[in-house]
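Dear colleague,

I am handing over the structure below, together with some notes on what turned up when I went through it. Please have it open beside you while you read.

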Amino acid sequence: QVQLVESGGGLVQAGGSLRLSCAASGSIFSIDPMGWYRQAPGKQRELVASITSGGSTNYADSVKGRFTISRDNAKNTVYLQMNSLKPEDTAVYYCSGDAGWSARVRYWGQGTQVTVSS
């Protein structure tokens, strides 16, 4: 059974930085792409950034220029470097990864809280 475990969330002042990490473990052959979603109270979960094993990235318009996603394919680990954080970035951030054996299966982490104070 595949598990995704996030770390690195916390409380930070506006303008500060956080680095989120997500490591996959279990019965893993490949997970591609991997990404980060976030969900704020009263809002639906939205894609923040994603990255393929080949290094192709995609970002939400709201985080372009501030966030950087990267991954270590050998470790099935994905990172999200978040700079110039804003209060509107406050949300639960979820790591995700698509099963290499099926385009219909997506793994999810439990989420990590990111709170940005003004």
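This is a predicted model: local features need pLDDT of at least 70, side-chain atom pairs count only at pLDDT 80 or more; totals for chains, interfaces and linings use all residues.

C22 leads on to the disulfide. A search of the whole structure turns up one such link, and it joins C22 to C95 with an S to S distance of 2.0 Å. The link of C22 and C95 is left-handed, with -80° about the S-S bond. Since C22 belongs to strand β3 (residues 18-25) and C95 to strand β9 (residues 91-99), the pair ties together parts that lie 73 residues apart in sequence. Are these two cysteines buried or exposed? C22 counts as buried because its relative accessibility is 0%, and C95 is likewise buried, with a relative accessible area of 0%.

The salt bridges come next, and the search of the whole structure finds six of them. One is formed by the side chains of R71 and D32, which meet at 3.4 Å, N to O. This pair links distant parts of the chain, with R71 in strand β7 (residues 67-72) and D32 in strand β4 (residues 31-39), 39 residues apart. R71 has a relative accessible area of 15% and is therefore buried, whereas D32, at 32%, is partly exposed.

Another salt bridge connects R38 with E46, where the closest N and O atoms are 2.9 Å apart. With a relative accessibility of 6%, R38 counts as buried, while E46 counts as partly exposed at 29%. Which residues are linked in a network of salt bridges? The network is made up of R38, E46, R66 and D89.

A further salt bridge is that of D98 with R106, whose closest N and O atoms are 2.7 Å apart. D98 is buried, its relative accessible area being 13%, and R106 counts as partly exposed with a relative accessibility of 39%.

Turning to the chain as a whole, the secondary structure comes to zero helices and 11 strands. The radius of gyration of the protein chain is 14 Å, close to the 13 Å that the globule rule gives for 118 residues, so the chain is as compact as a globular protein of that length. The C-alpha trace spans about 45 × 25 × 20 Å along its principal axes. Of the 118 residues, 42% count as buried, and the accessible surface of the protein chain comes to about 6300 Å², with carbon and sulfur atoms holding 47% of it. Among contacts in the protein chain with a separation of 6 or more, 54% are made by residues 24 or more positions apart.

Notes: Residues are numbered from 1 along each chain as its sequence is written. Side-chain values use heavy atoms; hydrogens and water are left out. A disulfide is a pair of cysteine sulfur atoms within 2.5 Å. Helices (H or I, at least four residues) and strands (E, at least two) are DSSP runs, numbered from the N terminus. Buried means under 20% relative accessible area, exposed over 50%, partly exposed in between (1.4 Å probe, protein chains only). A salt bridge is a side-chain nitrogen of Lys or Arg within 4 Å of a carboxyl oxygen of Asp or Glu. The radius of gyration is taken over C-alpha atoms; the globule rule is 2.2 Å times the number of residues to the power 0.38. Contact means heavy atoms within 4.5 Å. Accessible areas come from the Shrake-Rupley method with a 1.4 Å probe; for residues, only the protein chains shown count as cover.
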